Amino acid sequence: MAIYHLSVKIIGRSSGRSAVAAAAYRSGECITNDWDGVTHDFRKKNWIEFTEILLPDHAPENFKDRKTLWNAVEAAEKSKTAQLAREFELALPKELPHERQVDLVEAFVKNELVGQGMCVDIAIHNPPQTNDRHQPINSAGNVTHDIEKMQFLNPHAHILCTMRPIAENGKWEAKSQAEYICRRGEEECALTAAEYAEKKASGWKKLYQYQTKEKKKVWLTAEEGTERELKRLSKQPKTTPYGRKNPKIEYWNSEERVPEWRKIWESLVNQSLEKIGSEERVDARSYKEQSLDKLPTMHLGVAAVNMEKRADRLEQEGISAEAIKRSDIGNLNCEVKKYNHLAEYIEKEILALKM
């Protein structure tokens with residue numbers, strides 16, 4: 001059964017993460033982060049089926065090297081709270097052969113990400129099902145070292161994207177530009193440095209903070225401050241709080257993008273399934289949005305997954321169900337699945353009676 005999953009998250013320094021570490025882990029490589037000097041070695045990581053870097057036409061050729069690309073990203077960001085990369089995690093239909101999975105991911109990346117100016121690093125993982133001891137298991141839940149008997153049920157892609165566009169000259173574009181609050185007569189407007197250089201001849205002036213004789217702070221043009229013989233408090237002109245955002249970055253970060261990406265991925269997956277003659281389809285919408293009488297299960301998380309795997313192993317070893325402790329979320333999900341199964345059965349029975 002094909003499963004729909006597309007999640008998007010930001011990798012940033014504020015959470016103690018680095019783009020270099022993320023890229024090294026997903027690709028199974030050893031890369032040193034020049035920004036902090038830390039080496040991230042994941043060469044022992046298994047089950048990485050495919051890696052690739054795709055770039056816009058005007059990106060530097062050496063960005064095809066993973067170490068060069070992500071160290072360039074780290075070097076471009078000076079802030080301790082900088083956002084370094086956007087990561088997509090995509091579930092791949094196990095019904096598709098590996099080559100078609102690669103084609104599917106590349107189609108999405110080229111059209112929606114690289115085509116919009118992002119540098120993109122792809123890694124496809126397909127680990128086998130394991131128990132709580134990280135041992136591969138077969139369909140019966142028994143430990144196996146035979147790759148033919150292992151279960152590969154979770155092929156998925158990790159896609160790391162740069163947060164800054166590449167300019168035509170191959171340099172990183174700024175995330176934002178300073179905007180100066182300028183005045184002409186009674187009018188005020190916000191101008192970038194380039195816009196101010198163009199318009200200052202027509203009477204637009206930057207504003208500076210002055211202190212009046214009554215110890216009040218006011219924003220005036222340099223000419224107004226001089227005429228009133230006031231003391232300027234700072235050499236810095238008045239600016240908007242966050243500057244003018246790069247329009248490409250603003251487009252990437254807009255609230256509409258993730259729902260749009262989710263819908264596009266749904267369409268591409270279904271087209272790929274149709275091409276191989278599969279009747280399986282995925283849907284990006286929630287059960288509620290689909291008007292289905294089903295309840296969603298809850299995300300287990302690492303701790304709950306390990307607890308469930310341990311319970312499955314103990315059950316396989318013959319331990320009684322009463323002596324096995326499962327996670328609260330796992331138990332809840334079990335009840336949800338029972339409800340959904342019953343609801344589906346009742347719906348089919350009602351349809352049969354109407355025929």
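Guide: First, a definition: Ala, Val, Leu, Ile, Met, Phe, Trp, Tyr, Cys and Pro count as nonpolar, Asp, Glu, Lys and Arg as charged, and the others, Gly among them, as polar. This is a predicted model, where local features need pLDDT of at least 70, side-chain atom pairs count only at pLDDT 80 or more, and totals for chains, interfaces and linings use all residues. Residues are numbered from 1 along each chain as its sequence is written, and side-chain values use heavy atoms, without hydrogens and water.

Visitor: How many charged residues are in the lining of the second largest pocket?

Guide: A pocket is an open set of points on a 1 Å grid over the protein atoms alone, where a 1.4 Å probe fits, with protein on both sides within 12 Å along at least five of seven lines; lining residues have an atom within 4 Å of a point. Here 13 residues form the lining, and Lys175 and Lys245 are among those nearest the centre. Sorted by class, four are nonpolar, four are polar, and the charged ones number five.

Visitor: Is strand 7 enclosed or open, and how many of its residues are buried?

Guide: Buried means under 20% relative accessible area, exposed over 50%, and partly exposed in between (1.4 Å probe, protein chains only). One side carries His156, His158, Leu160 and Thr162, the other Ala157, Ile159 and Cys161, and all are buried. Strand 7 is therefore largely enclosed by the rest of the structure, with the buried count at seven of seven.

Visitor: Which residue of strand 7 is the bridge partner of Arg86?

Guide: Two strands pair if DSSP finds at least two bridges between them. Strand 5 and strand 7 are antiparallel, with seven bridges. Strand 6 also runs antiparallel to strand 7, joined by six bridges. Val120 stands opposite Cys161, and the partner of Arg86 is likewise Cys161.

Visitor: Where is Leu230, and is it buried or exposed?

Guide: Leu230 sits in the loop between helix 5 (222–227) and strand 14 (231–232). Beyond its neighbours within four places in sequence, its contacts (heavy atoms within 4.5 Å) include Tyr210, Thr212 and Leu220. Its relative accessible area is 15%, so Leu230 is buried.

Terms used
Helices (H or I, at least four residues) and strands (E, at least two) are DSSP runs, numbered from the N terminus.
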